[in-house]
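Me: I am new to this structure and would like to learn how to read it. Please take me through its features one at a time.

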Amino acid sequence: MTFKPWTLYALVAGFCTPVWAQSQLTGVIEQALELDAGRQQILAQSQAIRENGIASATQADPKIKFGVGGMPIDSWTFDSDPMTNISIGLMQEFGRGSSLDLQAEMANKQADGNEWQIKIRELTIANTVTQLWSELIYQQQAATIIRDNQKLVKELVTFIDTNYSMGRSESQDALQARVQLEKLNDQLQQNQQTQQRIFAQLSEWLGANWLTKQNSSNTLATLNWESLDQMLASKANQNTQFYDLLMAHPSVQMAETSIAANQVQVKIANESYKPKFGVEVMYGYRQANGMNGQPASDLVSAYLTMDLPLFTDKRQDRQYAAAQYQVGAARSQRDVLLQQLNAKANALMVDRINLTQRLERYQDRLLPQAKSRTQAVERGYQSNTAQFNDVVASIRDELSLKLELKRLQADLNITNSNLAYLFNGFDYQIDAPTLPAEQE
């Protein structure tokens with residue numbers, strides 16, 4: 001598979017609108033899926049199940065029987081006794097009822113169920129990449145906020161140094177300002193370390209060569225969840241029942257194919273009540289003369305064999321009952337899975353609603369109030385009516401609120417990503433995996 005540098009470069013290119021951000025994220029997800037060897041592995045496993053199904057659904061190989069019969073032990077010759085013959089025969093057994101066709105059908109359903117793991121892996125990769133992307137956006141936005149605060153603190157250091165030279169400020173204010181600046185420098189370094197670690201984690205899906213092309217200095221825009229919003233809007237009146245959306249999830253579809261495969265197993269168990277047939281044809285060559293002195297005629301024999309399932313209470317009945325129990329167990333497993341996924345969806349919806357409300361509070365009230373407080377304290381310090389500790393505290397509080405706001409946005413993106421995993425809400429498009437020519 002060829003490596004596409006232009007798609008990988010999209011990860012770190014600047015964006016103009018959230019729609020473009022989502023579009024380029026989709027491109028990165030598609031690239032990660034193209035490079036993923038796990039999809040081919042699952043496909044190969046599914047193909048192996050189909051091939052084994054074909055093998056098990058084929059009639060048994062015929063058996064050849066060759067030997068000598070009626071050999072006199074006094075002479076050990078073929079022509080002294082007319083009963084002596086050289087025999088060759090062919091034996092063939094046939095499957096019980098339609099069991100062979102049903103075994104092929106069950107293998108195909110098992111392979112279909114296994115192939116749903118490809119879709120599960122695709123959603124898992126999309127979810128993982130999106131969450132890492134969201135974290136990277138947060139870290140880049142946090143770096144921008146820290147740099148802005150660095151600029152502000154540097155201006156304060158210059159202002160304090162000027163006032164100190166004029167005898168208007170104390171030396172401890174200058175020292176405290178420089179300590180605050182060094183703390184911001186350390187925060188920025190920690191931020192860059194986290195960004196580099198995220199790039200390294202993304203290389204699991206995008207390849208190690210991609211690490212040489214990453215550039216953390218370009219700004220990423222926020223994500224767009226229009227498709228997911230439209231999907232959830234259709235459930236506005238049933239916000240705790242997501243079963244119709246969850247039925248399309250590949251893990252649920254995998255459970256459905258498991259039910260279908262077990263239903264075929266019930267049919268196979270029902271076929272065990274039918275007899276199993278076999279045929280045998282023998283040809284015997286004779287060299288001796290008959291009673292009339294003429295060469296004895298060769299012999300042909302034909303047999304039909306059939307087993308009789310008469311004692312069914314200890315075998316066939318138990319096998320049939322076991323197959324029916326397996327169907328019930330598979331249905332219960334699907335129902336439990338749906339309940340678990342629906343509970344996760346409801347928990348994520350609770351997080352989504354509360355994160356949205358908290359974001360509104362931060363944007364509409366907390367941040368404007370913190371900014372106004374910082375400006376008032378700065379004016380007070382410049383007019384010698386406020387202490388420098390108050391300035392540092394106000395700057396620190398505003399920085400914390402800005403970072404908390406970006407953290408909430410990242411958490412909301414991660415929550416939306418988890419919901420998109422449950423509801424197939426990602427926008428990527430990828431071709432089905434194919435096996436290498438040598439495997440086909």
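Me: Among contacts in the chain between residues at least 6 apart in sequence, what percentage join residues at least 24 apart?

Reply: A contact means heavy atoms within 4.5 Å. Of the contacts between residues at least 6 apart in sequence, 82% join residues at least 24 apart. This is a predicted model, where local features need pLDDT of at least 70 and side-chain atom pairs count only at pLDDT 80 or more, while totals for chains, interfaces and linings use all residues. Residues are numbered from 1 along each chain as its sequence is written, and side-chain values use heavy atoms, with hydrogens and water left out.

Me: How many helices and strands are there in the chain?

Reply: Helices (H or I, at least four residues) and strands (E, at least two) are DSSP runs, numbered from the N terminus. The chain has 10 helices and 4 strands. Their pattern along the sequence is α-α-α-β-β-α-α-α-α-α-β-β-α-α.

Me: What share of the residues is buried?

Reply: Buried means under 20% relative accessible area, exposed over 50%, and partly exposed in between, with a 1.4 Å probe and protein chains only. Of the 440 residues in the chain, 40% are buried.

Me: In what order do the strands stand in the sheet?

Reply: Two strands pair if DSSP finds at least two bridges between them. Here the order is β1-β2-β3-β4, in an open sheet of 4 strands with antiparallel pairing. β1 (63–69) and β4 each have a single partner strand and stand at the edges, so one side of each is left without a neighbour in the sheet. From one strand to the next, the twist averages 20°; the axes are lines fitted to C-alpha atoms, and angles run from 0 to 180 degrees between N-to-C directions.

Me: How many bridges join β3 to strand β4?

Reply: There are 8 bridges between β3 and strand β4 (residues 299–306), and the two run antiparallel. Within this pairing, V279 has L304 in β4 as its bridge partner. Strand β2 (residues 85–93) also pairs with β3 in the antiparallel sense, over 8 bridges. There, L90 is opposite V281 in β3, and G89 is opposite M282.

Me: Which side chains of strand β3 point to the buried face?

Reply: In a regular strand the side chains alternate between the two faces of the sheet. In β3 (residues 277–285), G278, E280, M282 and G284 point to one face and are buried.

Me: Where do the buried residues of helix α3 fall, seen down its axis?

Reply: An α-helix has 3.6 residues a turn, so residues three or four places apart point the same way. In α3 the buried residues are G38, R39, I42, L43, S46, R50 and G53. Seen down the axis, they fall within an arc of 145°, so they line one face of the helix; the arc is that of the directions from the helix axis to the C-beta atoms. The exposed residues N52 and A55 are on the face turned away from the buried side.

Me: Is S272 buried or exposed?

Reply: S272 has 10% relative accessibility and counts as buried. It lies in the loop between α8 and β3. Leaving aside residues up to four places away in sequence, S272 touches R96, P309, Q316 and Q319.
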